[in-house]
Amino acid sequence: MQRTFDRPLTSDKYTLSSDPTRLGWLTPSNPTDPIDNLRDQFAEQGYLWLQGILDRDEVLAFRARYFESMRETGLLQDGSQAVDGLYGDGQVNQSKANKAKAELVRSAAYEAFCLSDEIWQLYEGLLGDAVYLHKRKLIRHVPPQTTIATGAHYDLVYLRGGTDSVCSSWIPIGDIPVEMGGLVYLENSHHIGREMEAEFSRKSAELPREEQISAYNKYMDKTGWLTKDLPTLADRTDSRWLMADYQAGDMVIHGAYTIHASTNNVDTQGRLRLSTDIRYQRLREEIDVRWNNHWSLDDML
Ligand SMILES: O=C(O)CCC(=O)C(=O)O
């Protein structure tokens with residue numbers, strides 16, 4: 001893929017190498033492909049980037065709803081259209097923003113969005129069984145020109161109290177070209193994550209159960225992340241970080257061991273990155289009960 005960047009890709013304070021042995025592109029999938037093919041591709045890659053699985057207009061309508069609900073907090077540029085998600089002057093009333101977000105994650109509109117037919121039916125096909133959507137769902141906005149980034153991790157760390165077949169859906173709510181800091185995936189890392197987790201569980205076997213399943217036990221970083229230093233992790237594992245120009249309507253599914261992170265939003269047009277991440281699993285498998293409540297700022301998960 002031919003694509004040029006004005007500046008190197010960064011995550012937090014780290015600069016990713018542009019060497020083709022360290023940086024590459026996600027492989028796209030067509031959601032209308034036969035489900036057996038998608039299942040094989042998911043098992044092989046540890047992720048599926050399902051382009052255009054959702055209705056773009058519905059995704060954009062939800063983007064408008066989210067930012068409209070944030071308007072009073074000062075998040076948006078005065079007089080701008082909510083759907084554009086243009087960041088204001090940075091004078092955000094954080095307690096109002098937290099309240100608006102806590103309300104939004106409880107809203108029927110958000111629930112319906114996460115339960116779109118296209119999503120749950122895809123999961124039923126992929127997992128070959130009735131599926132369950134975890135109640136705890138996250139929605140995140142990231143202002144432009146900041147170093148706010150998600151460190152490298154795999155999701156099972158936060159969901160150790162249930163099945164390791166749990167899957168995450170990361171859904172861009174609006175276009176998220178590489179410059180806006182979408183998710184990057186460490187190539188073939190579902191094998192690496194599995195080995196890391198085996199090592200963590202060997203070490204933590206002596207801990208009480210509650211601590212064993214905690215993402216923040218004494219063997220883990222205080223964030224549950226493996227590292228913020230993406231370039232060194234790629235060197236250490238001799239792997240590439242895979243990026244993508246995501247569009248509204250796309251959804252990425254990743255497995256519980258697949259290592260991912262985000263890059264910085266350096267959008268020159270001043271747009272906020274908005275995305276949600278939600279988890280599905282087979283209904284009959286063990287559910288991590290700690291995820292049985294709506295997200296809240298202090299849920300410590
Ligand atoms: O959106 C992000 O920055 C993080 C999302 C994530 O870690 C996930 O979807 O599992």
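**Close-up views of a predicted model**

At 58% relative accessibility, aspartate 238 counts as exposed. The views below are all taken from a predicted model.

**View 1. Aspartate 238 and the end of helix α8.** Aspartate 238 follows α8, and its phi is positive, near 50°. Its place is in the loop that joins α8 (230-237) to β10 (241-243). Most residues other than glycine have a negative phi. The value near 50° at aspartate 238 is therefore a positive phi in a residue other than glycine, and its 58% relative accessibility lies over the 50% limit, so the residue is classed as exposed.

**View 2. Serine 239 in the loop between α8 and β10.** Serine 239 occupies the loop between α8 and β10. With a relative accessibility of 8%, serine 239 is under the 20% limit and therefore counts as buried. A polar atom of its side chain lies 3.1 Å from the backbone oxygen of threonine 237. Leaving out residues up to four places away in sequence, serine 239 touches Thr21, Arg22, Leu186, Glu187, Ile192 and Ala234. Glycine 270, 31 residues from serine 239 in sequence, is 32 Å away in space, C-alpha to C-alpha.

**View 3. The buried face of helix α8.** Leu230, Pro231, Leu233 and Ala234 are the buried residues of α8. Viewed down the helix axis, these buried residues fall within an arc of 165°, so they line one face of α8. The elements covering them include β1, β2, β9 (183-186), α6 (189-203), β10 and β12 (260-262).

View 4. Helix α2, residues 56-70, contains 15 residues and reaches 21 Å from its first C-alpha to its last, close to the 21 Å expected at 1.5 Å a residue. Its buried residues are Val59, Phe62, Arg63, Tyr66, Phe67 and Met70. Down the axis of α2 they fall within an arc of 130°, so they line one face of the helix. This buried set packs against α3 (94-104), α4 (108-114), β7, β8 (167-172) and β13 (273-282). Exposed Asp57 and Glu58 are carried on the face turned away from the buried side. At the start of α2, a side-chain oxygen of aspartate 55 comes to within 3.0 Å of the backbone nitrogen of aspartate 57.

**View 5. Methionine 70 in helix α2.** Methionine 70 lies in helix α2. Its relative accessibility is 0%, so methionine 70 counts as buried. Apart from neighbours within four places in sequence, methionine 70 is in contact with Leu75, Ala97, Ala100, Lys101 and His141. Glutamate 44 is 26 residues away along the chain, and its C-alpha atom is separated from that of methionine 70 by 40 Å.

**View 6. Histidine 134 between β6 and β7.** Histidine 134 sits in the loop connecting β6 (131-133) and β7 (138-142). Its relative accessibility of 1% is under the 20% limit, and histidine 134 therefore counts as buried. Not counting residues up to four places away in sequence, histidine 134 touches Leu159, Val166, Arg279, Gln281, Ile287, Asp288 and Trp291. Arginine 279 is 145 residues away along the chain, yet the C-alpha atoms of histidine 134 and arginine 279 are separated by 5.5 Å.

**View 7. The surroundings of the ligand.** The ligand is surrounded by 13 residues, of which the closest are Thr150, Asp155, His260, Arg273 and Arg279. For arginine 279, an N or O atom of the side chain is 2.8 Å from an oxygen atom of the ligand. For histidine 260, the corresponding separation is 2.9 Å. For histidine 153, a polar side-chain atom lies 3.0 Å from an oxygen atom of the ligand.

**View 8. The nonpolar cores.** The largest nonpolar core has 70 residues, and Ile139, Trp241, Ile253 and Ile259 touch the most other members. Apart from this core lies another, of twelve residues, including Leu26, Ile176, Met180 and Ala244. In soluble globular proteins, nonpolar side chains tend to be buried together.

**View 9. Aspartate 12 between β1 and β2.** Aspartate 12 belongs to the loop between β1 (10-11) and β2 (14-15). Its phi is near 55°, a positive value in a residue other than glycine.

Note on methods. Residues are numbered from 1 along each chain as its sequence is written. This is a predicted model: local features need pLDDT of at least 70, side-chain atom pairs count only at pLDDT 80 or more; totals for chains, interfaces and linings use all residues. Side-chain values use heavy atoms; hydrogens and water are left out. A nonpolar core is a set of buried Ala, Val, Leu, Ile, Met, Phe, Trp, Tyr and Cys residues joined through side-chain atoms within 4.5 Å. Buried means under 20% relative accessible area, exposed over 50%, partly exposed in between (1.4 Å probe, protein chains only). Helices (H or I, at least four residues) and strands (E, at least two) are DSSP runs, numbered from the N terminus. Contact means heavy atoms within 4.5 Å. The expected span of a helix is 1.5 Å times one less than its number of residues. The arc is that of the directions from the helix axis to the C-beta atoms. A polar contact is a pair of N or O atoms within 3.5 Å; within protein, one must be able to donate a hydrogen and the other to accept it, and residues adjacent in sequence count only if both atoms are side-chain atoms. A residue is near a molecule or strand if one of its heavy atoms lies within 4 Å of it.
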